[in-house]
Amino acid sequence: MGAPVRAPLTSRLAGFGTTIFAEMSALAASTGAINLGQGFPDTDGPEEVIEAAVEAMRGGCNQYPPGSGIPALRAAIAAHQRRFYGIELDADGEVLVTTGATEAIAAALLALCEPGDEVVTFEPYYDSYAACIALADARRRPVTLRPPEYAIDPDALAAAFSPRTRLVLLNSPHNPTGKVFTGDELELVAAHCRERDVLAVTDEVYEHLVFDGREHVPLSTLPGMADRTLTISSSGKTFSLTGWKIGWATGPRALVSAVQAAKQFLTFVSGAPFQPAIAHALGLPDAYFESFRAGLQAKRDRLCAGLEAAGLEVLPPAGTYFVTADIRPLGEDDGHAFCLALPERAGVVAVPTVVFYDDKSAGRPLVRFAFCKRDEVIDEAAARLARLSG
Ligand SMILES: Cc1ncc(COP(=O)(O)O)c(C=O)c1O
């Protein structure tokens, strides 16, 4: 017998385990429960976009594309930023195509942070943030958002900054809370960045999923922010094509080229045949974006009504795929235990919001449900959840 093998996982990743989404999706698969855990739609994106990818494959678009992305997609991303936000970008140098927003986030943190640098972010946070900050050997400085408003506490924000702060990582619309940060909150973040000469990295993957007439405002459009903000987004949510993993990072040339320096050694390039298809998708008429948003808003209302009827306290989201509910009206307060038992009790899978917090007490009774599902699936989930209130 040889010597025992040392635990192989680097200490930087120890403690992160399997992502909650994989764990909960596996639970859904093994129990046959309805999966309202992971945020992916159960219908495909626009037929013409899928056809464009098929055509690209048949047309020989199957080898390594350029590292920064094909020119047509970079031009379409720049045109999208101009069309929706009035942002002017040079598609040659200020736009980088990535393998989903996930890669853009990882590459940005690896490229921009020195060991020991601090990253201010807002908890609950999307789970890849903590892992990628750790991989970059940086430190996270979370600012806790508390229900029901999930407002940024100005004192907590100020206290999160230090001389080691390298960047603020801001996700709006925000997963898992569904919060869309207000103009005043964005200005507060921007003021800290300007005054302290700190970079901003924004995750805007839910930019088109904002409800009730709200507008998405990119942080980079605030005064003095264009020069210091790397804006990240993705086609996955906007076009219901989450498995294609085509994302992008845009912003000042120096930031984008830093991210590309890391990206080239992660994936080198991103999915060739999907790129012309997403270029096509980004040019779809306004009617597509409007009806997609209205459809999702109706699904939000459908699931919120079901959760309320089941006896949960609903925290209605202003954007994203997700609604959070507080389980305390059911006489329970441990969201993790609740989610582990939910497939058995009610045939539904949800995600305990506590996994997105460093401050575990802040998220303990909260549970996240995804509503990006067919109406009949939402209705069946609601009917099953009604069992909870007896
Ligand atoms: C806030 C947030 N950022 C990034 C991602 C990942 O985006 P992509 O699939 O484009 O990598 C997700 C997916 O759920 C998300 O919720």
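Predicted model: local features only at pLDDT ≥ 70, side-chain atom pairs only at ≥ 80, totals over all residues.
**Entry 1: the ligand and its polar contacts**

I began with K245, and I found that one of its polar side-chain atoms lies 2.7 Å from an oxygen atom of the ligand. Taken alone the ligand exposes 400 Å², and I noted that the protein buries 93% of that area.

I then looked up K237, where a polar side-chain atom lies 2.7 Å from an oxygen atom of the ligand. For D203 I turned to a nitrogen atom of the ligand, and a polar side-chain atom of D203 lies 2.5 Å from that nitrogen.

**Entry 2: the shell around the ligand**

Next I listed the residues that surround the ligand, and besides D203, K237 and K245 the list includes G100, A101, T102, Y126, N171 and N175.

Which space does the ligand take? I found that the ligand takes the space of the largest pocket. I noted about 910 Å³ of space in this largest pocket, and of the 43 residues that line the largest pocket, T19, F21, Y126, D127 and S128 are the closest to its centre.

I went on to the helices, and α1 (20-31), α4 (100-112), α5 (127-135) and α8 (235-238) each supply at least two residues of the lining of the largest pocket. The helix that gives the most to this lining is α5, with 5 residues. By class, I recorded 20 nonpolar, 14 polar and 9 charged residues in the lining of the largest pocket.

**Entry 3: the backbone**

P147 and P148 are joined by a cis peptide bond with omega of about 5°, and I placed P148 in the loop between β4 (139-144) and α6 (154-160). A cis peptide bond also joins S172 and P173, with omega of about -10°, and P173 is in the loop between β5 (165-171) and α7 (183-196).

Last, I looked at D212, a residue other than glycine whose phi is positive, near 60°, and I found D212 in the loop between β6 (199-203) and β7 (229-234).

Terms used:
Residues numbered from 1 in each chain as written. Heavy atoms only, no water. 1 Å grid on protein atoms, 1.4 Å probe; cavity = no way out; pocket = protein on both sides within 12 Å on 5 of 7 lines; lining within 4 Å. Points joined across faces, edges and corners; volume = space filled by probe spheres on them. Helix = DSSP H or I, 4+ residues; strand = E, 2+ residues; numbered from the N terminus. Nonpolar A, V, L, I, M, F, W, Y, C, P; charged D, E, K, R; others polar. Near = heavy atom within 4 Å. Polar contact = N/O pair within 3.5 Å; in protein donor to acceptor, adjacent residues only side chain to side chain. Areas by Shrake-Rupley, 256 points an atom, 1.4 Å probe, with all protein chains shown as cover. Sits in = over half its atoms within 2 Å of the grid points.
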